[in-house]
Amino acid sequence: MSNVTPLDNLVCAFVETALNKLHQLDSSAKQKRKALDGTIIGVALKEIDKPLYFVISQQQIDILGQYEGQADCFIRLNFLALIDLQDNHQLTNLIKSGQLEVNGDIKVVQQFALLLTEMDIDWEDHLSNKVGDLVAHKLVYHIKQLNKQFCKQHNKAQKQLTEIITEELKLAPGPLEVAHFCDQVSDIEKQIQALEQKFLEVKL
Amino acid sequence: MSEIQENTTHFGFKTVEEDKKVELVAEVFHSVAAKYDVMNDVLSLGIHRIWKRFTIDCSGIRKGQKALDLAGGTGDLTAKFSRIVGKTGQVVLADINDSMLKVGRSKLRDLGLEGNIEYVQANAEELPFPDNYFDLVTIAFGLRNVTDKDKALASIYRVLKPGGRLLVLEFSKPIYKPVSKFYDFYSFNILPKLGKLIANDSESYQYLAESIRMHPNQETLKEMMNDVGFEGTEFFNLSAGIVALHRGYKY
């Protein structure tokens with residue numbers, strides 16, 4: 001019996017072709033691949049549980065639907081965690097919350113996430129080859145502005161949400177409260193140390 | 001007066017002397033080599049890439065292994081194997097036709113692949129490799145052209161390591177009648193015309209269509225593999241049986 005179907009192969013083909021196309025446009029991709037040259041990483045979305053195996057080489061990335069050897073690293077994650085993978089600092093949080101399971105070296109996972117998400121693509125330059133400098137510049141400028149607006153709104157929304165949770169609903173302590181609490185803990189620590197000192201002196 | 005000539009075989013729908021077949025096949029592939037990849041994409045609408053991916057997924061190929069891409073031609077499978085087996089592995093691209101081998105070598109070099117690939121001109125019936133040498137042997141769209149298929153299968157069995165496997169990817173018999181009808185029409189009416197248009201060679205593509213029909217069907221090929229010693233042999237029908245992947249193990 002075969003674990004893969006031609007449909008799985010079609011999916012692999014799409015993802016592989018898209019990824020490699022993006023990498024061709026990304027000037028930093030080759031360096032990132034070099035760091036992972038010869039590594040095989042298995043990735044399975046918990047929701048689908050059909051693994052994809054990424055074979056990293058200096059030339060490109062190959063994606064297999066099946067690999068009978070031992071992958072250098074195997075990752076299982078929730079679909080939503082894919083978005084958070086962009087931020088390397090989130091990795092440990094994701095693992096703690098159980099959204100991401102790693103079987104292997106976490107450094108490999110970090111490098112792999114960077115390989116997939118951090119693309120240094122000069123879109124304006126590539127576009128200008130197709131539509132000319134002026135149009136390319138205007139297009140990229142407007143898209144960048146839109147992106148800025150979107151990020152601004154997103155940050156605003158997050159800030160509002162945080163404020164609602166801490167100030168209005170009082171579900172979690174606000175930063176000042178946490179700081180005050182930490183100060184109180186430090187005070188108690190100091191008092192304990194002073195007591196210990198006195199105790200030793202008395203003993204002697 | 002001989003009624004039936006001894007030592008004849010089929011070349012498409014024609015009957016030819018056995019020793020002549022090799023030359024005739026050679027002519028076909030010298031002729032198609034330059035446009036081979038383009039024609040594959042056009043004639044199969046790119047689907048041959050999926051068939052090949054399926055083959056690689058079923059191959060069990062791993063880092064550090066030794067693979068033989070027999071009748072590998074322009075090196076589609078070799079390229080992927082090379083990247084998967086890595087620096088510690090080895091891939092041999094073998095083909096009986098040196099025009100195809102030249103195209104393959106040039107293509108693989110352009111892709112930046114070099115270190116672990118060896119190029120060998122060889123006849124599948126008499127493989128120039130030691131016994132028990134390869135972890136994997138693949139022959140994609142090549143067995144059809146071999147004069148003595150049983151000899152080739154036996155030769156492959158010899159060079160495989162115990163625990164190794166053979167994958168035969170080849171045109172086969174469609175499993176549904178309507179597909180058969182459309183396929184016949186496509187093969188005999190459209191294929192040679194496309195061949196003429198793109199590669200300026202309709203005869204080679206006529207041979208393609210005919211040789212497919214002369215090739216053993218799924219069950220027969222499975223029996224042939226078992227006869228030379230392969231075990232656990234099974235086949236997978238792809239594209240409704242237009243193509244089949246046979247897989248057998250040497251234990």
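In this predicted model, helix α7 (residues 177-199) of chain B packs against helix α8 (residues 202-214) of chain B at an angle of about 150°, with 7 Å between their axes. Helices here are DSSP runs of H or I with at least four residues, strands are runs of E with at least two, and both are numbered from the N terminus. The axes are lines fitted to C-alpha atoms, for helices over the stretch in contact, and angles run from 0 to 180 degrees between N-to-C directions. That angle makes α7(B) roughly antiparallel to α8(B); the labels are roughly parallel for angles under 35 degrees, roughly antiparallel for those over 145, roughly perpendicular for 65 to 115, and oblique for the rest.

Which residues do the touching? On the α7(B) side they include S187(B), F188(B) and L191(B), and they meet residues of α8(B), among them Y205(B), L208(B) and I212(B). Two residues are in contact if their C-beta atoms, placed from the backbone, lie within 7 Å. Sorted by class, the contact of α7(B) with α8(B) has 7 nonpolar, 5 polar and 2 charged residues. Nonpolar covers Ala, Val, Leu, Ile, Met, Phe, Trp, Tyr, Cys and Pro, charged covers Asp, Glu, Lys and Arg, and the others, Gly among them, are polar.

Helix α7(B) has another partner, helix α2 (residues 36-44) of chain B: their axes come within 11 Å and cross at roughly 145°. The class count for α2(B) with α7(B) is 8 nonpolar, no polar and no charged.

Taken whole, chain B holds 9 helices and 9 strands. Its radius of gyration is 18 Å, close to the 18 Å that the globule rule gives for 251 residues, so chain B is as compact as a globular protein of that length. The radius is taken over C-alpha atoms, and the globule rule is 2.2 Å times the number of residues to the power 0.38. Along its principal axes, the C-alpha trace of chain B spans about 50 × 40 × 40 Å.

Chain A has 8 helices and 5 strands. With a radius of gyration of 25 Å, well over the 17 Å from the globule rule for 204 residues, chain A is more spread out than a compact globule. Its C-alpha atoms fill a box of roughly 80 × 50 × 35 Å along the principal axes.

Where the chains touch, chain A supplies 18 residues and chain B 20 residues. On the chain A side, α1 (6-25) and β3 (61-64) each supply at least two residues, and α1(A) gives the most, with 5 residues. The chain A side divides into 8 nonpolar, 8 polar and 2 charged residues.

Helix α1(A) and helix α3 (residues 48-59) of chain B have axes that come within 9 Å and cross at roughly 105°, so the two are roughly perpendicular. Among the residues that meet are P6(A) and L10(A) in α1(A), with I50(B) and F54(B) in α3(B). This contact has 6 nonpolar, 1 polar and 3 charged residues.

Residues are numbered from 1 along each chain as its sequence is written, while chains are lettered from A and ligands numbered from 1 in the order in which they are written. As the model is predicted, local features need pLDDT of at least 70 and side-chain atom pairs count only at pLDDT 80 or more, while totals for chains, interfaces and linings use all residues.
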